[in-house]
Amino acid sequence: MASYRYRVAIPAQQVKPHGYEVADEGDIVVFSKPSKNTPEHIRICGDTPSVVDICDDHFDRWPHYAESCRRATRITCPTPVMADRIKAATGKEATVIADPYEVDAGKPHGNGSRFIWFGHQCNLPAMSRLFPMLDGIDLRIVTGPNDQVPHRQWSLEALNQELALANVALFPTLPGHEYKSPNRLVNALRAGVFAICEDHPAYREFSSFVWVGDVAGAFQWLRAFSDEINDRVSEAQNYIEGKYAPEIIGKQWSDLFASI
């Protein structure tokens, strides 16, 4: 699961240079993606500080989300929109720590006609909405098991291989997902791929590097400004390295622990 990789596995490795070890028992307990048992587990921790990490908005669906936040010593989340949602649902402040990138670095190669969409299969409805305007386009899809579209089975190795071949990544959105992080866009740019994004709070941060807006207009822009594309990707890579590198995210988690 992406949430495990970005919110647990990668940070667990990156806090080690700052003197923190991840083990079965510790001085701080971090709960990622709270379950129905998390509030009780926080109670069992007693005086041991707890951190609850929220990366999905399930507050209207599952009561244990709000209860976990209310019992936690600190709350973390990947985006400001999610922090606002947590505040509205629980009255508590959350520390925003972004998702790090996880793909191989690639030289900018966004000037071309090979397109890619990748992500969890539950997000396919957002992509399938665009299919009528993508007829005849060289499009590769990397996702989980489904019978909706031809695709390559997702793995990190498969994604790295496909990003090395692709030129432009597509990131359509649907209402209700405004709290989501830009981790897929960050990964695409890290790999050297340009991106066409529909409007989304997390994508606006990158609007000077990629297309954010109407997809039909994006294809016209690609043809008119093809000579700018790789320069924009290169600028985006420099920006990402300074904000989304795993080492930087690890430092943010370490700083949070040090503040408890």
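Predicted model: local features only at pLDDT ≥ 70, side-chain atom pairs only at ≥ 80, totals over all residues.
## Aromatic pairs

Let's start with the rings: the structure contains 13 aromatic pairs. In one of them, the ring centres of phenylalanine 115 and phenylalanine 219 are 5.6 Å apart with planes at 50°, so this pair is tilted. Phenylalanine 115 belongs to strand β5 (residues 114–118) and phenylalanine 219 to helix α8 (residues 215–224), so the pair bridges distant parts of the chain, 104 residues apart. Phenylalanine 115 is buried at 7% relative accessibility, and phenylalanine 219 is buried too, at 12%.

Elsewhere, ring pairs join Phe194, Trp211, Trp221 and Phe225 into a cluster. There is also a charge over a ring to look at: arginine 5 lies over the face of tyrosine 6, 5.3 Å from the ring centre.

## Strand β5 and its partners

Four of the five residues of β5 are buried, so the strand is largely enclosed by the rest of the structure. With strand β6 (residues 138–143), β5 pairs in the parallel sense over five bridges. Within β6, valine 142 is the bridge partner of phenylalanine 118.

β5 also pairs with β8, again in the parallel sense, over two bridges. On that side, phenylalanine 115 has valine 168 of β8 as its bridge partner.

## The largest pocket

The largest pocket has a volume of about 1,100 Å³. It is lined by 41 residues, and those closest to its centre are Ala2, His120, Cys122, Asn123 and Lys180. The elements giving two or more residues to this lining are α1 (2–14), β5 and α7 (183–190), with α1 supplying the largest share, five residues. By class, the lining has 18 nonpolar, 15 polar and eight charged residues.

## The second largest pocket

The second largest pocket has a volume of about 680 Å³. Of its 24 lining residues, Val22, Ile28, Val29, Val30 and Phe257 lie nearest the centre. Two or more residues come from each of α1, β1 (29–32) and α10 (246–259), and α1 gives the most, with six residues. This lining divides into 14 nonpolar, four polar and six charged residues.

Note on methods: Residues numbered from 1 in each chain as written. Heavy atoms only, no water. Phe/Tyr/Trp six-rings, centres within 6.5 Å; stacked < 30°, edge-to-face > 60°. Buried < 20%, exposed > 50% of the residue type's maximum accessible area, 1.4 Å probe, protein only. Lys NZ or Arg CZ within 6 Å of the ring centre and 35° of its normal. Pairing = 2+ DSSP bridges. 1 Å grid on protein atoms, 1.4 Å probe; cavity = no way out; pocket = protein on both sides within 12 Å on 5 of 7 lines; lining within 4 Å. Points joined across faces, edges and corners; volume = space filled by probe spheres on them. Nonpolar A, V, L, I, M, F, W, Y, C, P; charged D, E, K, R; others polar.
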